[in-house]
Amino acid sequence: GCFVFKPSTKKRRSSEKTAHDFRSRSDDSEDTELRFVTCQSLWNQIKSETEQIQEDLNKQLLDNLVNFLSRSHSEFQEKTTEWTCRMKFREIPTAALVLGVNVTDHDLTFRGLSDVLQDNITPYIALLEAKDCLGIKNLMQKLMGQLMNCDIDVDSLEDEDCVQVSQNRIRCSMSSLISWYESVTKKTDSETPSKKRNSSSRHWQSPPVVVIFKDMESFTTKVLQDFIAISSQHIHELPLVLIFGIATSPMIIHRLLPHSVSSLLCIELFQSLSCKEHLSTIIDKLLLTSRFPFKLGEKVLQVLINIFLYHDFSVQNFIKGFQLCIVEHFYSQPLSVLCCQLVDVKKRVYSLSHDQCENIRRLPSFRRYVEKQESGKQIELLTNDSFLKEETEKLLEDLHVYHENYVSILRCLHVFTSSLPKYPLGKQIRELHCACLESRVWETEEYESSLQLARMLNKTDLVTMLQQCVEILMSSSGKEFDKTVEKLKEFLTQFQNLEEASQERDVSVSSQKELQKKTDLYHLQKTLLELKESRRSKKLTKFEMLRFEVVDYIDSLVRKYLVPADDRTLHEIVYFNAATVLRGHLNAAPRTALHTALNNPHWYLKNQALKCDGGGISNKAPDICIVYKLHLECGRLINLVDWLEAFSTVVMAAEEPNADGASSDQVDDIIHARFIRAVSELELLGFIKPSKQKTDHVARLTWGGC
Amino acid sequence: MSRPEGTRSSRRSLQVKFVPDEDVLKHIADDAGTKVRKDKAQLSITMKRFVKKLENISDNEAQEILEEKNYVAALGVCAQDPVGNGSNISGGEVYSFQTPKRSSKMAELASELAQTPEQNVTPDHSKCPEKMAKTPQSNSNFLGAEIVWKCNLKKKEFVSTTPYRLRKRLAAPDPYLESESEYSASCSEEEDEEDQKEVSTVLSSQKIPGRTKAASTPPPRNSLAKKIKEQKMGNLVEEYFEAHSSSKVLTSDRTLQKLQKRRLNQQTLHDLLKKAPLAYAAEIRDLNQQHESLFSKWMLQLHLGFNIVLYGLGSKRDLLEKFRTSLLQNSVHLVVNGYFPSITVRSILNSITEEVLDHIGTFRSPLDQLEFIIKRFKEDSSLELYVLIHNLDSQMLRGERSQQILAQLSSLPSIYLIASIDHINAPLMWDQAKLSLYNWLWYETTTFSPYVEETSYENSLLVQQSGSLALSSLMHVLHSLTLNARGIFRLLAQHQLEKKDNPSYPGLSFHDFYQQCREAFLVNSDLTLRAQLTEFRDHKLIRTKRGADGVEYLLIPVDDSTLTDFLEKEDEDV
């Protein structure tokens, strides 16, 4: 079944090839090379950025772990003989690392962890996965293999023999492990100090042996129990530290291990960063910044976030989706050559070819823009390439400025909306971002209600929010915000002044006192009504007026700066909007595709004969569709003979309405063959399987209407 | 409440006898609608009793009804599934355990096949095939399937089952639509009777009660279904197990043998299919061209670290083959035919180590081998390998361990994997961890091309084929045995054939067999017989099973027709 094909010719280098692939489709445009380079550099930038983020976020956790590890065997180091320590010696120090359900991201964390440990604590690290450790024997094998290999690595690769030995798995027992450990540590001691100085300064004399169980939940209980029980016997000789990677909850340790075993562990709990926070940081750093020219459209972002929230919680996958977006964008949009840093824009715009200029003219957003210009300019734009280039450059700069402003104001708005009760515009900034991208946010109901809520904020909150906004705007790179900052500061001072003038409030307080005197229900009601009346008509207090002013001002900022990107000219160049493509590639629905193909072949085969209104299909449909349709009518078992007959009836009706009556009682061989083929295809697709229950029957594997 | 029932059931029996076709039509058009509407409400309350009554009635009538054209029509009702338009179907409709149509009772579920009569408004097709083709109405005579298809356009009232689920979605259902299934039941019975005269083939008695019952149940079903809909189908799961718990299956007992049809072997099948023209060749070509335009994109994405998986109806083998020949000629690539019945992960790994990496030597386990490969690929960055797997979801590769190994392979940056899947449940093979290793990009490539290669292997086919190969292997093995051994096997085969009508035949007990063999002078001690049987068992010629009483039973795991053929052949030889 396997065939290897080897080319006779020498192959080209891979990077060349990739560029070549990029080129081959859009041969019309000569910028592909440049586009590909831009795409790659952008992606690399983003990749390193995300790695940096990941590292920063995990730093805290790793520090804690390192701390714990260095503490855990200090007794062993000092060789203390205190009684309490002796007691404790039976316990294996264990770190339970709660990582969350996003299993796919764990690998990265573990990699970071083992790197850090290697650098700071110990060279002896073994990473174990459940799939390799079906029994205690496999586990020991794996463990020793990893430990001894790493030993070799540290000792700067001795001979091949040594590798061979470890391949042969000397004898996998705890005692051999201990003797190995002793020899290794002794060797380090005795070795010439000149060579070992470096490593021994990093590690201690007798570094602990760290065993990491990557996916604790999938290990069989027996293996874990045995391993822990055995190694706890030898903890005196072998400073072992366990790290459990846990995806669910720490409770699982106690569920997996009986008390007798878990009492041998001295567990400390570590919580890794939640994946949602991680995602927020990623979005914050990658999307809500003007550093990267490439942007995601609303729908695309929504798709990515939905995959994250409803499918895997995996930040890795989110980033993968992001990568796909970048690739798709640069691949499919010839103008994406302009999707670069602002400094390069000018050069690139002026080197555009005529075709590319035509491409610009074809952009819907650009056409809208042209229509708005006066007629003289319109003609210029549509006919004069160099004029167009100038204009394009200007527009792209505008777009850049728009982004800078957008981000700052978005953050300001988020300061307000994230503290409102019930979060009408969402708690996370990403939700707000989506809402703003989708449509004019100020036209939505949610925005309306959040403004209303903002008008009811108390003073302290309002002041802190304004302060936050000032900070955000000050730190932003946009130049237009000087005035805004001034204005906001002015508001702040006004609030300050209010405090002094707040004595006026007594009036209303006195009226409330009056209220308390009344005991009669009727009067009470009456006064309440009066109060209400007066409040409605009453002039607003100064504070209230000021609050209104602030909210109105924020509103005006929103209206000015948070225009959805779709309204901006040339947004197609930097925004990727093909959400369906993305969804099709990342979150495909193979069953739906099958279902559609079988039920409605016309969807794929554009033939008039297949066209059918309603839910049905024509009897001229491909064989497999007919067979499928027929089988839907059956219960759990299907009689092949009846099925065949039904099939041949349908097929013959489709083919020859006036066929000979004589041939109808004997099924044609060809039809029989076609039937067999269709049925075996259905079997391949998993709709039916042969059944032994009754002769010549097949069992249906799908249940119900699908 | 009981009165309408009474009248209804009596009317039913009357109709069976007297009402002619045209009247049925008229009947449904005029008074049925109004009447039934009245009934319906009441029925929904008392339907259980009603079902019982109907069952009684149908028992009486059981003998007279029944022919297969109805069944054919039942099978043919295709439009039953209103879901399938376009690709924007919601997931729930595709995936769920949906049984709205026959959601209620086991009886109904088992007798789905008998839904036929409902829309089989017209006489048997053998009567007047030509006429039928012309007018829509007579067209519907032809078979149920067509009825529904055409009727969707023309005579909505007649399509009973089809629009049912559609109807449910309508806010204000049309009374006509509501009523039709109830009345179609009666007209179908009338029709049954008519057909019965003409139809030659008579179904076995087992089928009859079930079918008739079902023929008369539709009215309660309708209302019941409605009720259930109100309960939002809460107990679907229970229903599923209920439906699957009963071992009794009501299908006809006909077998392929009775068709007097010779079994096709692989070769003739292939030849026959060659003769049959491929339908919609032009459209399929268009489809393929669309997919082919993506080739360079695939290459790009493969190089960027993604792997590609193709799904969709139709064989993707040719497409991948084309991809291979057009783009991979200059690079090392490995083609894996996953559908091949004896493929294993081991053989894939072997071909990588032996042929791609030129490594001589064996490995203790696939995991070791994998490690070796990973190491080699990491060391040498100039190594590149394209792996094409046809049917990644095949029987042999779908196991957890194989998938794990393949996933790890594919996660190597210099191994580019492009694979195809076909099985509806294929995506279930992968958990999150494997998915992230695979790093798939999904591409829908519906080709509609027939799965020629994929289904051409013996074990992927249904009974039709299994005969020839099993027979040839039987003959082959037997010919290499001693005369006595062949005699022993013959004895067993003959005995099994004698008992072929007994479905619960457990096999021949060892003791009886020994007696028979002694009588035929084939063996002289039970030790010799045991030695012989061991040999048979090693060649998978027989199977032994221990019965409840501890007695050993012997069985030849080959179907009866093959066995008959075998005996005939043996006779020829001797």
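I count two strands as paired if DSSP finds at least two bridges between them. Helices (H or I, at least four residues) and strands (E, at least two) are DSSP runs, numbered from the N terminus.

The model is predicted: local features need pLDDT of at least 70, side-chain atom pairs count only at pLDDT 80 or more, and totals for chains, interfaces and linings use all residues. Residues are numbered from 1 along each chain as its sequence is written, and side-chain values use heavy atoms, without hydrogens or water.

**Strand β4(A)**

I looked up the neighbours of β4(A). With β5 (residues 240-246) of chain A it pairs in the parallel sense over five bridges. A:V211 has A:L242 as its bridge partner in β5(A). Helix α10 (residues 221-233) of chain A carries the chain from β4(A) to β5(A) in a right-handed β-α-β crossover. Right-handed means that, with the strands pointing away from the viewer, the path from the first strand over the helix to the second runs clockwise.

I then checked burial (buried: under 20% relative accessible area, 1.4 Å probe, protein chains only). Five of the five residues of β4(A) are buried, so the strand is largely enclosed by the rest of the structure. A:V209, A:V211 and A:F213 point one way, A:V210 and A:I212 the other.

**Domains 1 and 2 of chain A**

Domain bounds come from an automatic or database domain assignment. I found 41 Å between the centres of domain 1 and domain 2, over C-alpha atoms. I looked for salt bridges (a side-chain nitrogen of Lys or Arg within 4 Å of a carboxyl oxygen of Asp or Glu). The rule finds one across this interface. I also noted the salt bridge of A:R291 with A:E49, closest N and O atoms 3.1 Å apart.

Conventions. Chains are lettered from A and ligands numbered from 1 in the order in which they are written. Buried means under 20% relative accessible area, exposed over 50%, partly exposed in between (1.4 Å probe, protein chains only).
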